[in-house]
Structures are given as C-alpha cells and as structure tokens.
Amino acid sequence: MSGRVVIAGLGPGAEALVTPEVTAALAEATDIVGYIPYVARVPDRAGLIKHASDNRVELDRAQDALRMASDGKRVVVVSSGDPGVFAMASAVFEAVEGGLREWRDLQIDVLPGITAMLAASARVGAPLGHDFCAINLSDNLKPWVLIEKRLRLAAEADFAMGFYNPRSKARPEGFARVLEVLREACGDDRPMIFARAVSTPDEAIRVVPLTQATPEMADMRTMVLIGSSRTRIIDRDGAPFVYTPRSVPG
C-alpha cells in the first residue's frame, strides 16, 4: 500500500519542543487527524486537510486515519506530548487489531515527543531522578477503584509519581479524593509540583507540601508530580529546585 500513518507527538506546547522528525512528517502529510486543539497547532498550508474531532472519539478517529491511509493518503495522527503516553498510538493499534485485515499491512510509524511529565519535571529540576510511575487519573476508561489501588501501591513502593488528567469540570471531586489517598498512604509532607501549561505563555509552576495541596490547584492543563520520600527541595532566591537522588542506601 502507498498510504502511511504517522502517529506523532507535538510536545507540551512550545514550537521549539517539537522534534525535527515530527516537523518533517507534518510537512509531508496530506491529512492531519486529532483532537481539536492539537490539530489547531499544525499550521495550515496548501494541500493539507485537517480532520479535527472531540476528545472522546479516539477509536473512531484512529479508524478514520487507517481508512484514509488505505486510500493512499499520508496521514499524521497528532497527540500532545508523546503519542504513546495516554494518547493516540494505543488507539490506532487497537483499531488495527480489531479492524480490516488490510490495515495490518499499512506502514505505521510512531514518532515520540516530549511528554508533559518530563517537561514539568525539567522546569523544577529532577523530581523524577529515581524510580517513578505515571498514572492517568481519569476514570473515563477505567474504574476509580483501580486508580485508588494503583495510587496506594505506588506510594507503598515509594515511587515518585506523575499524574495526567487530574481534574476536569465533569469530575471535580476526583482529585480531592486523590489527595486524601496520598496523604493516608504517604504519611509525610513530600513535595508536590503543579505545572500548568508548561512551555506556553500560560505556564504556571507551583511547589507545595502534600499537606497544603488543594484540588483547585489542578485542572486538565496541569501536570501534577509528587516526589518520593527521598525527594529533596533546595531553597534559593526565586523558585526552589526539586530533585530525587539517584541512589537509595542499602
């Protein structure tokens, strides 16, 4: 087949954080597919068709991209951050597995991007400098009981954690419960980082102790990080540095 699907990460927001590989794929595309605000980040040009859709139709979006590629189009499916982290790469391969046999013969390439989690970590120092995990706090695709179980087990294992999709208008109460679980499971005052709209003009970074964190500090544009029990804060003039040592005493 002459068509191709590229699943590309646009990074956290700033144009400078889009990789050259992704930029080249966008320049060659005939069609761009993705969530409305992510598609809007791709500049218009002659010959390029954009297919923007709502955020809850990921599988439909993936199927549309595969159909277009089957017709010979060069399709780029865009996500923010990295497409393999709670994003469109998984949806596309789910569509391939459950779809037409011919879709398995398509050229499908995943191009990595800078994740919101890593961009947020870099802004304050190195809070993910040792073992860490990432948890999507949305219960749209998994039950709350599983989210709570993973929070407690991650705290028990003393991971630093990165939280995606912490608090939406549709479920504002969820993040309040997350903070309750963390306070119970961690039992200390480790630092939390609220990094909103990193690398954009709306960027705002806040570092607070776990006991002082409130639900209103997060929204859907916020990446939330929490350190492990060994995470350290270096006070200085201006914003502090936050880092987690690379080693743990035996």
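The following legends describe an overall view and several close-up views of a predicted model.

**Figure 1. Overall fold of the chain.** The predicted chain contains seven helices and 13 strands. Its radius of gyration is 20 Å, close to the 18 Å given by the globule rule for 250 residues, so the chain is as compact as a globular protein of that length. Along the principal axes, the C-alpha atoms occupy a box of roughly 55 × 40 × 40 Å. Among contacts between residues at least 6 apart in sequence, 67% link residues at least 24 apart.

**Figure 2. Surface and charge of the chain.** Buried residues make up 44% of the 250 residues in the chain. The chain carries 29 positive and 32 negative side chains. The centres of these two sets of charges are 1 Å apart.

**Figure 3. The three-stranded sheet formed by β6, β13 and β12.** This open sheet has mixed pairing, and its strands follow the order β6-β13-β12. The edges are taken by β6 (125-126) and β12 (232-234); each has a single partner strand, so one side of each has no neighbour in the sheet. In general, strands of a sheet pair through backbone hydrogen bonds, in either a parallel or an antiparallel manner.

**Figure 4. Pairing of β12 with β13.** Strand β13 comprises residues 241-243 and runs antiparallel to β12, to which it is joined by three bridges. Within this pairing, Ile234 stands opposite Phe241 of β13.

**Figure 5. Asp158 in the loop between α6 and β8.** The loop that holds Asp158 lies between helix α6 (144-156) and strand β8 (160-164). Most residues other than glycine have a negative phi. Asp158, which is not a glycine, has a positive phi, near 60°. Asp158 is partly exposed, with a relative accessible area of 27%.

**Figure 6. Ala197 in the loop between β9 and β10.** Ala197 is located in the loop between strand β9 (191-196) and strand β10 (204-209). The phi of Ala197 is positive, at about 50°, although the residue is not a glycine. Ala197 counts as buried because its relative accessibility is 7%, and the cut-off for a buried residue is under 20%.

Note on methods. Residues are numbered from 1 along each chain as its sequence is written. This is a predicted model: local features need pLDDT of at least 70, side-chain atom pairs count only at pLDDT 80 or more; totals for chains, interfaces and linings use all residues. Side-chain values use heavy atoms; hydrogens and water are left out. Helices (H or I, at least four residues) and strands (E, at least two) are DSSP runs, numbered from the N terminus. The radius of gyration is taken over C-alpha atoms; the globule rule is 2.2 Å times the number of residues to the power 0.38. Buried means under 20% relative accessible area, exposed over 50%, partly exposed in between (1.4 Å probe, protein chains only). Contact means heavy atoms within 4.5 Å. Lys and Arg count as positive and Asp and Glu as negative; His and the chain ends are not counted. The place of a charge is taken as NZ of Lys, CZ of Arg, CG of Asp or CD of Glu. Two strands pair if DSSP finds at least two bridges between them.
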